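User: Hi! I am new to protein structures and would like to learn how to read charged pairs and cores. Could you walk me through this one?

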Amino acid sequence: MFGAQLAQILDDHERWLAAKPGGRRANLVMHVLRGANLSNRDLSRALLTGADLSGAALDNCRLEGADLCGAGLSDANLTQTCLVAADMRGCDLRGAVLDRTDLRGADLRPSDMLIALPPTSAGQGALSGQGIVFRRARLGRALLVGVRLAGVTMLDCDLTGALLRGADLRRGDFTGSLLRDVDLAGADLSDASLSGSRLSGAQLAGARLQGTRFAQADLMGVDLNRCDLSGALLEDARFSRSLDSLALDMRHRVHEHERWIDSGGARGARAELEGANLEGADLRGVRLAGAMLRGARLRGALLAGADLTLADLSGADLTEASLRGAVLRGATLGHARLVAADLAEARLDPADILNADGLPSGRSWPADLSGADLAGASLWRAQVQYANFTGASLNNADLTQADTTGVRFADVHLQGAVGLDRSPPSASARVG
């Protein structure tokens with residue numbers, strides 16, 4: 001199907017997305033679209049189950065939430081294609097160009113991206129990911145549980161929070177990739193290369209690591225329970241700075257702060273950590289509500305599940321920090337640097353203001369992210385109700401399923417952001 005008929009279907013679909021009269025959802029189930037030019041078109045939520053898109057030009061195409069289950073995408077050009085939350089189970093991606101492709105939240109579970117190799121001498125066919133090359137692709141939170149991708153190449157890709165539990169990744173090349181908070185429990189990474197990759201907070205319990213190369217990899221806070229590392233190559237790999245490994249004075253301040261919280265201020269002392277160097281520290285689950293962390297250096301720190309309610313983090317450097325599930329209710333993050341930070345499922349909603357008796361006063365204090373740099377950050381399913389994002393950068397950020405009720409988006413930068421309505425959230429929001 002080409003020419004005027006296809007163009008009409010695409011135009012009708014874009015009208016349907018914009019809720020304009022005459023719009024109709026594109027239904028291209030099982031259609032042959034081999035070699036079709038779909039560049040720069042918006043096919044978000046389109047029905048493409050089993051469609052033959054082999055050799056198609058899909059560069060800069062939006063396929064957010066599209067149904068591509070069983071579709072043929074061999075040799076397709078998927079450069080900078082948006083496939084956020086797309087159903088891609090059973091897709092054939094042999095030879096596809098996946099340069100800067102956005103696959104965050106896509107469903108790529110078993111039987112996806114499989115290449116049937118010639119039968120072996122025993123008559124058994126093999127399945128492999130050899131020949132599939134991802135470059136600078138974004139696969140954050142992608143569902144790859146049990147996928148068979150032996151020999152796959154993923155160079156400089158972002159797989160933050162992806163589920164690869166039990167995956168066959170033997171001989172895979174993940175050089176320079178971001179694998180923060182990835183679930184690789186029970187995966188087979190034998191002879192794979194993770195040199196220079198960042199795995200902070202990742203789950204590798206029970207993974208097979210025979211011959212796995214971790215040269216100069218970031219293994220801060222990685223769960224290596226039940227892993228045999230005797231055959232792994234760990235040259236210059238970096239491990240966490242746990243709380244116990246920090247300077248005695250720093251540990252003392254954190255412990256005294258927790259006493260201050262537990263006693264309602266009667267004992268201990270509020271943590272004054274302005275400008276403190278906590279880079280790469282493992283602070284998961286720590287309680288620093290109300291702490292002073294203005295200008296603190298927290299690059300790559302592990303703060304998943306931490307309580308930072310009403311904490312002052314203005315001007316802090318939280319680049320690539322893991323704040324998954326952290327509580328930042330009413331926190332001050334004005335002009336903080338949160339580039340590529342993981343704030344998935346974090347709470348940034350208003351904090352209740354208590355009266356002198358410690359009871360809710362009926363008033364609340366919203367989180368302040370004015371002027372903050374959240375470029376490339378994940379705010380998936382985050383609660384950011386009534387937060388102040390005035391002047392912030394959300395370029396390439398992921399706000400899929402985030403609760404943005406009452407959020408102030410004045411003068412915000414949204415170029416490449418996903419998860420928000422296509423129209424700017426306010427008249428003063430800017431794209432660019």
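Analyst: A salt bridge is a side-chain nitrogen of Lys or Arg within 4 Å of a carboxyl oxygen of Asp or Glu. Please note that this is a predicted model, where local features need pLDDT of at least 70, side-chain atom pairs count only at pLDDT 80 or more, and totals for chains, interfaces and linings use all residues. Residues are numbered from 1 along each chain as its sequence is written, and side-chain values use heavy atoms, with hydrogens and water left out.

User: How many salt bridges does a search of the whole structure find?

Analyst: The search finds 28 salt bridges. In one of them, D11 pairs with R41, and their closest N and O atoms are 2.6 Å apart. D11, E14 and R41 are linked in a network of such bridges.

User: Is D342 buried or exposed?

Analyst: Buried means under 20% relative accessible area, exposed over 50%, and partly exposed in between (1.4 Å probe, protein chains only). D342 has 0% relative accessibility, so it counts as buried. Its salt bridge partner is R324, with the closest N and O atoms 3.0 Å apart. By contrast, D11 is partly exposed, at 32%.

User: And what is a nonpolar core?

Analyst: It is a set of buried Ala, Val, Leu, Ile, Met, Phe, Trp, Tyr and Cys residues joined through side-chain atoms within 4.5 Å. The largest one here has 68 residues, and L68, M88 and F134 are among those with the most contacts inside it. Another core, of 54 residues, lies apart from it and includes V254 and L323.
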